[in-house]
Amino acid sequence: MRAPFRSFAVNARFLTRRMTGVDRVAIEMLRALSARPDIERLTLLHPQSGDLHIEWLAQLPPEQRAKFSLQPLGRFGGYAWEQIELSRAMPQEMLLSLCTTGPVMRRSQAVLIHDAQPWDVPEAFTRRFRLAYRILLPILARRANHVMTISQFARGRLESLSIVPRGKALVVLNGADHILRNAADSEALPRLGLKAGGYLLAIGNLAPHKNLKLLAEAAAARTPGAPELIIAGGSLARVFNDTGLQARPGLRLIGRVTDGELRALCEGAQALVFPSITEGFGLPPVEAMFCGCPVIATTGGAVPEILRDAAIFVDPHDGPGWTAAMERIAADSTLRDDLRARGRKQARNYTWSAAAEALIVGLQTTG
């Protein structure tokens, strides 16, 4: 076993962009690492240009915040910064690259490759994005000393597509207990004209693999007077190809929400509906389960592995099945109560402290 890790350099390119789900994982992992007494220093290496999204640092307790330092680096941005300038920075430290990409020339690195979606659902991504990932990731996975991913399903796909060498990837399951950090926004539902128990909730951007167009059609096929479907989340046009989904009677798109608004929406929803074609993990249904929200979930990707017996499952391509599941959960309060209890129990398996422990132990025993 290797000597304990007490400090890391961090690939913090994600601080220069608007937060996505992948970035959320990086931030929560860093929060959890900083809470560990064995971790003394986390150096956030970032491009010099652009505004930094570091609000989360100010929210940390002083003893955790003191472990972080910000270090601007180089003259470039984006992939050029990562591949050229980050590659040579702080060579004595293990580099943590938690958002799938990292410098391919850096061996002293632990890279978290979340999934194989640019291969599995290429239509969801721009050509430039697909090309970058298809060139970079197989080289990165071979050269980095440590490779991690977020589920057994994701590891299987990465191996079967020859992105990651077989047996190399360590599974570090995500946490989702961050949803409980902020109190629910008590004004969120009134602002939106919603009543607790009177709507269904979906969370996701408008990328095709999120499958929200099929969900909207399934919702429209329900009997008149069915609960309104609320879709929360944004879309990153530079990466994802939008579906062109439009609001209609019984369907509202409310865009990005704060953490407090998200918790209020989850706590008040009749159910969370999660129809993705594939996911490497699936944070939204686990977040919902922490909030006591029943879940109707896809059979695609890692979602059944993560949720186990705590959700109603529907094939992502079965439109009538989604219609039936939404009508069933609306009509059966006993089923909703059972799913709330099962969900809360299952969610307890996914905490960020456990994720940080798995990362540290894995780095000491592999590579």
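**Notebook: burial, helices and a cavity**

I began with Glu 85, which is found in helix α4, residues 78-85. The model I consulted is a predicted one.

**Entry 1. Glu 85**

Is Glu 85 buried or exposed? I found a relative accessibility of 10%, so Glu 85 counts as buried, the cut-off being under 20% relative accessible area. I then looked up its contacts, leaving aside neighbours within four places in sequence. Glu 85 is in contact with Leu 73, Gly 74, Arg 75, Phe 76 and Ala 80.

I looked up how far helix α10, residues 259-268, is covered. Of its 10 residues, 8 are buried, and the helix is mostly covered. I listed the buried residues of α10 as Gly 260, Glu 261, Leu 262, Arg 263, Ala 264, Leu 265, Cys 266 and Gly 268. What covers the buried residues of α10? The cover includes the helices α8 (188-192) and α11 (283-290), together with the strands β8 (199-203) and β10 (251-255).

I then examined α11 itself, where 8 of 8 residues are buried. The buried residues of α11 are Leu 283, Pro 284, Pro 285, Val 286, Glu 287, Ala 288, Met 289 and Phe 290. Just after α11, I noted that Gly 292 takes a positive phi of about 75°.

**Entry 2. The cavity**

How many cavities of 30 Å³ or more does the structure hold? I found 1. The largest cavity has a volume of about 40 Å³. I recorded its lining as Asp 115, Ala 116, Gln 117, Asp 120, Phe 153, Ala 154, Arg 157, Thr 278, Glu 279 and Gly 280. By class, the lining residues divide into 4 charged, 3 polar and 3 nonpolar.

I asked which helix gives the most to the lining of the largest cavity. The answer is α7, with 3 residues. Both α5 (117-120) and α7 (152-160) supply at least two residues of the lining.

**Entry 3. The chain as a whole**

The chain has 15 helices and 13 strands. I compared the radius of gyration with expectation: a compact globule of 367 residues would have a value near 21 Å, and the chain has 21 Å, which agrees. Along its principal axes, the C-alpha trace spans about 65 × 40 × 40 Å.

What share of the 367 residues is buried? I found 55%. The accessible surface of the chain comes to about 15200 Å², and carbon and sulfur atoms account for 52% of that surface. Finally, I looked at contacts between residues at least 6 apart in sequence; of these, 70% join residues at least 24 apart.

Technical notes:
Residues numbered from 1 in each chain as written. Predicted model: local features only at pLDDT ≥ 70, side-chain atom pairs only at ≥ 80, totals over all residues. Heavy atoms only, no water. 1 Å grid on protein atoms, 1.4 Å probe; cavity = no way out; pocket = protein on both sides within 12 Å on 5 of 7 lines; lining within 4 Å. Points joined across faces, edges and corners; volume = space filled by probe spheres on them. Helix = DSSP H or I, 4+ residues; strand = E, 2+ residues; numbered from the N terminus. Nonpolar A, V, L, I, M, F, W, Y, C, P; charged D, E, K, R; others polar. Rg over C-alpha atoms; globule rule 2.2 N^0.38 Å. Buried < 20%, exposed > 50% of the residue type's maximum accessible area, 1.4 Å probe, protein only. Contact = heavy atoms within 4.5 Å. Areas by Shrake-Rupley, 256 points an atom, 1.4 Å probe, with all protein chains shown as cover.
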